[in-house]
Amino acid sequence: MLVGPSGCGKTTTLRIVAGLEEPSDGEVWIGGRRVDGVSPRDRDVAVVFQNYALYPHMSVFDNMAYGLRIRGFARKDIAAVKVAMPKVLHDVCYRAMHLHGALGVSNELPLAGMWMSAAALGIALLVNSDLKGATVYRTIVFLSYPLMAVAVGIIWRWMYDERGGIINYALRASGLVDRPIGFLQDFDWALPSVIFAEIWQVLGFYMIILLTGLQSIPQNLYEAARIDGAPAWARFFRITVPMLRPSLFLCIVVGILNSFSSFDLVYIMTNGGPGHATELLITHIYKSAFVETKFDYAAALTVVQFSLLVVLTIAANRAAGGNAGAVERD
Amino acid sequence: MAESTIRRATPLLALRHLALVVVSFVMLVPFYWVLKTAITNENIYAYPPGILPRAPHLYNFVDVWYLIPFPRYLANSIIVSTIAVIGNVVFNALAGYALTRDFPGRRAVLALFLSCMLIPFQAAIIPAYLVTAKMGLLNTYFGLAFPLLSTIVCIFVFKAAFEAVPRSLIDAARIDGLSEWRIIVRVLLPLSKPAIATNVILSFIWSWNNFLWPLLITRDPLMQTLPLGLARFLSYMEDTTGALYAFAVMVLLPSILVFLMAQKEFIRGLTSGATKG
Amino acid sequence: MSVRRQLVSRWVIVPGGIAVVTLVWLAYVAAHDHGVVEGRVVDRSGRPVGGASVMLFERGFVTHQERGRATSDADGAFRFTDNRSHSIQLEAEAPGLGRSERRVVRLWFAAQDVKLVEPLRFATSK
């Protein structure tokens with residue numbers, strides 16, 4: 001039995017004995033046999049973890065049987081274990097695994113942000129809950145992503161059209177404006193309009209990235225925070241956002257990268273826009289190379305863009321704490 | 001495995017529904033127009049824009065079907081996408097797992113992967129073509145799936161999902177004597193079902209919608225994939241009436257089907273409750 | 001997952017269902033694709049026009065080309081038996097009546113057997 005104040009090395013010693021860590025110096029002997037350097041499975045130890053460490057995707061019986069099965073015990077011996085198990089113990093273990101389900105917490109409602117990751121985060125959180133019809137909402141948001149860029153560009157170009165477009169038609173029919181807004185012709189409207197069409201198309205992609213990240217946040221964190229009395233916004237900023245760091249990192253980096261190389265939509269809708277209002281670096285590169293045939297200039301621009309993206313990616317990685325935003329888990 | 005939840009106060013619930021309905025409306029309007037134009041003969045620039053389709057019919061789809069050897073192209077697309085999806089799940093899971101472990105040169109590998117994301121595919125088509133040619137994979141199904149057998153984004157999705165599994169679970173597995181392979185297959189992957197679903201959806205969509213690569217490496221017209229085969233006729237069709245939109249809808253449907261099937265995995269909380277304390 | 005559970009998983013049922021629907025549809029097509037096009041020709045007042053020459057146009061890529069001719073009998077009924085296309089047009093011509101309307105007929109599949117509901121009309125009467 002090891003006793004001592006916290007931080008003195010009790011857990012570490014046990015882990016060394018079990019083989020989960022190697023000692024920097026010295027030897028480990030179990031039952032007259034030297035075992036340092038031997039893998040845990042061959043040390044013939046059993047470990048009961050501080051925090052149960054049950055396989056949640058296996059039944060209770062399988063949890064107990066799996067270790068035995070690996071060791072090569074005969075099936076009937078394993079079955080005997082199950083029969084011998086008192087029913088009370090079985091029920092208690094089973095209930096403990098599902099206790100959190102009884103308390104239950106649904107994810108919090110954030111404010112939808114001004115930009116794509118925030119918008120996707122908002123939608124992902126909304127549809128992540130047990131809201132009735134979450135599946136339907138999710139599918140609706142995702143519908144636009146697999147649509148061909150050509151079709152998206154043409155439809156949005158039509159929607160923004162001054163004469164025949166549905167947006168201007170609705171605005172004028174409802175009396176909100178007197179004259180049609182040239183969404184793609186006006187210098188101030190062009191870029192936001194293109195951005196909005198782009199967001200419309202890719203929202204589904206970022207939504208499922210964030211949904212995947214949201215799935216892996218343990219519920220007991222929210223429960224503990226609730227018991228501690230933390231309000232919703234605090235739960236969002238102190239639990240959800242930090243735990244989502246790897247997914248958020250992915251969203252932001254991929255979002256930046258994709259926006260730099262998103263050529264199709266701009267090309268179809270405005271081809272650089274009124275003047276150069278919607279000229280992206282990538283469209284400028286394309287035009288320099290293939291329209292003005294200034295290949296050397298275009299190549300130099302490509303190198304500059306690449307360097308810029310490298311810097312941004314490194315900065316994003318640093319900001320996310322290195323290691324692509326990985327979060328330390330127990 | 002959905003858990004019951006405490007129903008929140010009703011006004012907040014209504015607010016959530018309202019927000020979602022607004023978002024859904026914005027997402028659906030352009031889509032409705034694509035659909036509407038696909039089932040009528042109307043020109044989208046007709047003024048005033050009719051809200052409801054006049055004389056809807058499905059014959060545009062029939063036209064698209066007979067424009068090209070549709071069944072053959074469809075089969076090609078399905079085979080290539082299946083190869084890409086399987087390859088993606090296998091390779092990305094392995095790479096994602098490797099990145100969660102510490103090994104010498106890990107930061108360099110991480111930096112390498114991140115920088116791979118920076119290069120758009122268009123810049124790499126020449127080397128990609130040469131490599132595929134040297135391997136003798138031109139004009140083959142495997143060659144068509146080749147560049148999409150693994151994507152960096154999906155590797156990081158798996159990495160994040162694997163890191164979300166509590167360390168003590170993996171340690172317990174090691175104590176139980178599982179080999180590394182068993183740990184991945186029996187412990188990590190079942191607990192990362194949302195990541196697998198995301199991977200399946202994204203790799204399917206990217207390989208299904210891929211135009212550029214099949215254009216480059218198919219020699220035989222019968223080896224073309226569906227979007228490519230149809231896209232070749234785009235210039236002959238006007239782009240404001242039915243045929244193009246019917247084509248877009250037909251290309252879209254399988255991706256939506258895969259999404260609907262895979263998104264059932266986005267159920268919450270498989271890892272919660274695995275560890276207490 | 002046991003074999004049984006795998007069999008009822010949606011990854012098997014959905015493609016399986018699609019395959020079944022496809023087979024049923026193919027059977028229907030096989031039973032109805034003889035390329036028979038039938039109809040009637042009437043003049044403006046609804047009287048059948050016999051001896052009119054009916055032309056069948058088949059849709060090429062963007063244009064239509066004449067593919068066959070048939071003659072209407074005394075009741076004004078005509079019949080083609082070798083249509084191979086999914087999108088055709090029909091037009092009739094009769095001495096003294098000029099040309100009838102050009103009717104666009106779009107089918108569900110190539111060489112679908114079809115019988116015109118509305119007869120081909122001439123703009124004039126005998």
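Start where chain B meets chain C: across that interface there are 6 residue pairs in polar contact, both partners at pLDDT 80 or more. A polar contact here is a pair of N or O atoms within 3.5 Å; within protein, one must be able to donate a hydrogen and the other to accept it, and residues adjacent in sequence count only if both atoms are side-chain atoms.

Before you click on, some housekeeping: this is a predicted model, where local features need pLDDT of at least 70 and side-chain atom pairs count only at pLDDT 80 or more, while totals for chains, interfaces and linings use all residues. Residues are numbered from 1 along each chain as its sequence is written, chains are lettered from A and ligands numbered from 1 in the order in which they are written, and side-chain values use heavy atoms, leaving out hydrogens and water.

Now select α2 (59-67) and α13 (242-262) of chain B, the elements that give two or more residues to the side touching chain C. Helices (H or I, at least four residues) and strands (E, at least two) are DSSP runs, numbered from the N terminus. α2(B) gives the most to that side, with 6 residues. By class, the chain B side has 12 nonpolar, 3 polar and 3 charged residues; Ala, Val, Leu, Ile, Met, Phe, Trp, Tyr, Cys and Pro count as nonpolar, Asp, Glu, Lys and Arg as charged, and the others, Gly among them, as polar.

Widen the view to the whole interface. Here 18 residues of chain B are in contact (heavy atoms within 4.5 Å) with 13 residues of chain C. The two chains bury about 1500 Å² between them, 66% of it on carbon and sulfur atoms; that is the accessible area (1.4 Å probe) lost on putting the two parts together, summed over both.

Next, pick Arg106(C) and Asp63(B). They form a salt bridge, with the closest N and O atoms 2.4 Å apart. Arg106(C) lies in strand β6 (residues 98-106) of chain C and Asp63(B) in helix α2 of chain B, so the pair joins two chains. The rule (a side-chain nitrogen of Lys or Arg within 4 Å of a carboxyl oxygen of Asp or Glu) finds 2 salt bridges across this interface.

Last stop: select helix α13 (residues 245-261) of chain A and helix α4 (residues 106-118) of chain B. They pack at an angle of about 40°, with their axes 9 Å apart. Axes are lines fitted to C-alpha atoms, for helices over the stretch in contact, and angles run from 0 to 180 degrees between N-to-C directions. Look for Phe249(A), Val253(A), Val254(A) and Leu257(A) on α13(A), and Leu114(B), Met117(B) and Leu118(B) on α4(B), which make the contact. That contact has 7 nonpolar, no polar and no charged residues.
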